[in-house]
Amino acid sequence: MGGAALWDVIFGSLATFIGAWFSYKLRGNEFLVCVPPILSNAIIIPFVLRYAYGAKELIPFMMLTVGIGEVISVGILGTLLLKALKPIRGKLFADAM
């Protein structure tokens with residue numbers, strides 16, 4: 001509905017699902033929990049960019065740039081957010097526990 005290519009909707013959602021599922025499996029390790037979404041997006045999204053949107057850059061270059069973006073947003077900022085919310089975890093997620 002937002003104008004994204006069908007392949008982006010399918011494979012972008014798949015990349016997110018894979019990252020989330022493996023993160024769930026690693027939820028006990030706060031340092032490794034960010035690795036699955038970084039890897040799944042760095043591997044899958046460049047192919048979406050190439051074949052759904054016609055990006056001309058080389059796949060390995062796009063893997064690098066998408067990976068860098070994921071490291072910054074998920075690896076660094078996400079880990080900082082996780083650490084910042086940890087002291088109030090019981091108050092925020094009391095119903096989920």
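Two aromatic pairs turn up in this predicted model, where rings of Phe, Tyr and Trp (for Trp, its six-membered ring) count as paired if their centres lie within 6.5 Å. One of the pairs joins Trp 21 and Phe 22, with 4.8 Å from centre to centre and 80° between the planes, so it goes down as edge-to-face (planes over 60 degrees apart; under 30 would be stacked, and the rest tilted). Both partners are partly exposed, Trp 21 at 40% relative accessible area and Phe 22 at 42%; the label covers what falls between buried, under 20%, and exposed, over 50%, with a 1.4 Å probe and protein chains only. As for the ground rules, the model is predicted, so local features need pLDDT of at least 70 and side-chain atom pairs count only at pLDDT 80 or more, while totals for chains, interfaces and linings use all residues. Residues are numbered from 1 along each chain as its sequence is written, and side-chain values use heavy atoms, with hydrogens and water left out.

Ser 23 is buried, at 13% relative accessible area. Setting aside neighbours within four places in sequence, Ser 23 touches Val 33, Pro 36 and Pro 37, contact being heavy atoms within 4.5 Å.

The charged end of Arg 27 sits over the ring of Tyr 24, 4.0 Å from its centre (the rule asks for NZ of Lys or CZ of Arg within 6 Å of the ring centre and within 35 degrees of the ring normal). Arg 27 also shows up at the largest pocket: of 17 lining residues, those closest to the pocket centre are Arg 27, Glu 30, Val 33, Leu 82 and Arg 89. A pocket here is an open set of points on a 1 Å grid over the protein atoms alone, where a 1.4 Å probe fits, with protein on both sides within 12 Å along at least five of seven lines; lining residues have an atom within 4 Å of a point. The biggest contributor to this lining is α3, with five residues.

Turning to the core, the largest nonpolar one is made up of Ala 15, Ile 44, Ile 45, Val 48 and Val 66 (buried Ala, Val, Leu, Ile, Met, Phe, Trp, Tyr and Cys residues joined through side-chain atoms within 4.5 Å). Helix α2, residues 35-53, gives the most to this core, with three residues. Beyond four places in sequence, Val 66 is in contact with Asn 41, Ala 42, Ile 45, Pro 46 and Leu 49.

Definitions and conventions: Helices (H or I, at least four residues) and strands (E, at least two) are DSSP runs, numbered from the N terminus.
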